[in-house]
Amino acid sequence: MSRRYHERLRSGAWRGFARCVLILGPVAVAALLLAACAGNQPDVLRPGGSGAEQIRTLTLQIVIILSAVLLTVWILLAIVIIRYRHRPEAEASQTRGNLGIEIVWTAIPAVIVAVLFVLTVRTTLQIALPDPGAQFTTIGHQWWWEFDFPSEGFKTANEVYVPVGRPVSIDLRSTDVIHSFWVPQMGGKVDMNPGHVNHVRFFPLKTGSYLGECSEFCGVQHGRMRFLFIVTTPEKYSAWMHDQALPARQPTGAEAIAGGQLIQTIACGGCHTIRGTAMKGTFGPDLTHFGSRRGIAAFTLSNTPQNLLAWLQDPQKVKPGSKMPQIPLPLQELQQLVAYLEEMK
Ligand code: CUA
């Protein structure tokens with residue numbers, strides 16, 4: 001082979017390398033920017049609970065081991081490329097059936113996989129905490145979350161409080177299809193199957209409001225099946241439990257009082273409960289303390305009077321496929337319902 005051939009080969013390699021940098025460079029920059037922008041999103045690498053912390057540790061261990069493998073291969077490759085780049089074009093010596101080499105390159109990956117296996121099994125065992133007895137049950141519905149505290153006698157929806165630093169044990173059920181409970185910063189995903197109770201346990205380590213989401217495709221509004229998981233101090237948790245167990249408060253504003261009477265005369269009680277009133281439906285979320293929640297429609301919207309009005313006026317526009325029907329009432333009466341529900345703290 002001629003020298004020109006070698007030069008062509010070399011310039012071709014350089015062009016390929018430059019092309020790689022041009023393509024991969026912007027992709028890497030975009031990925032970094034995306035990671036930086038995702039500050040408010042649930043981030044498994046910023047754990048707030050024991051499960052997520054153990055998963056992060058395992059992730060880092062695996063990344064370090066695999067990076068070492070990648071680096072070793074790159075370095076060996078670079079040494080070979082640089083050291084032998086100017087060899088005259090003699091044909092490479094052929095090796096066939098080198099037992100020693102084959103044993104080495106079978107044994108090294110086997111050892112690496114064994115180490116990864118042991119680390120993963122150890123993490124899985126650490127995550128499975130002993131059962132202190134479930135404090136509450138989370139029930140998946142299309143497309144919202146129910147939190148049932150049977151010993152305290154209340155249910156709430158799409159927002160739940162737990163105390164920091166104490167083990168949390170939750171039973172998981174579903175009323176319709178398979179959902180999956182996931183608070184990324186607390187721990188891994190656990191499926192919620194109809195007809196079977198699953199469990200999830202972890203230690204919340206840091207106070208904060210964490211976004212939870214459904215991680216099993218469960219129908220048209222799977223993507224808007226979210227909830228707020230609030231880790232708070234034991235004092236604030238006790239206050240929340242005490243408030244949630246109370247029946248609905250009496251409305252005080254004129255509009256709210258009118259709304260409180262109106263809601264009893266229309267069909268809302270067929271699906272919703274407001275404890276302390278005649279409304280005892282169980283198909284939709286319990287609205288007893290609706291005003292205390294930060295989100296509407298499983299966190300599709302934040303809980304403001306304007307958003308609640310928009311939701312009541314046209315649920316299908318806010319959340320297409322939702323099982324909440326439209327309420328055919330004049331604007332003034334819808335505003336009374338809004339005033340009433342927002343007072344139900
Ligand atoms: Cu429930 Cu996806």
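Visitor: What makes β1 and β2 a pair of strands, and how do they run?

Guide: Strand β1 and strand β2 (residues 144-149) are joined by 5 bridges and run antiparallel. Pairing needs at least two bridges. So β1 and β2 count as paired. Keep in mind that this is a predicted model.

Visitor: Which residue of β2 partners His141, and what joins the strands?

Guide: His141 has Trp144 as its bridge partner in β2. A hairpin through 2 residues links β1 to β2.

Visitor: Which other strand does β1 join, and how do you know that they pair?

Guide: That strand is β5 (residues 168-174), which runs parallel to β1. Here, too, there are 5 bridges. The cut-off is at least two, so β1 and β5 pair. In β5, Arg173 is the bridge partner of Ile139.

Visitor: Why is β1 called mostly covered?

Guide: Buried means under 20% relative accessible area. In β1 (residues 136-141), 6 of 6 residues are buried, so the strand is called mostly covered.

Visitor: What covers the label for its two faces?

Guide: In a regular strand, side chains alternate between the two faces of the sheet. On one side of β1, Phe136, Thr138 and Gly140 are buried. On the other, Thr137, Ile139 and His141 are buried. Both faces are therefore covered.

Visitor: Why is Thr277 called buried?

Guide: Its relative accessibility is 19%. The limit for buried is under 20%, so Thr277 counts as buried. Thr277 lies in the loop between α5 (254-265) and β11 (295-296).

Visitor: What makes the meeting of Thr277 and Gln264 a polar contact?

Guide: The side chains of Thr277 and Gln264 make this contact at 3.3 Å. Leaving aside neighbours within four places in sequence, Thr277 is in contact with Gln264 and Tyr340.

Visitor: Why is Val69 called partly exposed?

Guide: Val69 has 32% relative accessibility. Buried is under 20% and exposed is over 50%, so Val69 falls in between. Val69 sits in helix α2 (residues 50-83).

Methods
Residues numbered from 1 in each chain as written. Predicted model: local features only at pLDDT ≥ 70, side-chain atom pairs only at ≥ 80, totals over all residues. Heavy atoms only, no water. Buried < 20%, exposed > 50% of the residue type's maximum accessible area, 1.4 Å probe, protein only. Helix = DSSP H or I, 4+ residues; strand = E, 2+ residues; numbered from the N terminus. Polar contact = N/O pair within 3.5 Å; in protein donor to acceptor, adjacent residues only side chain to side chain. Contact = heavy atoms within 4.5 Å.
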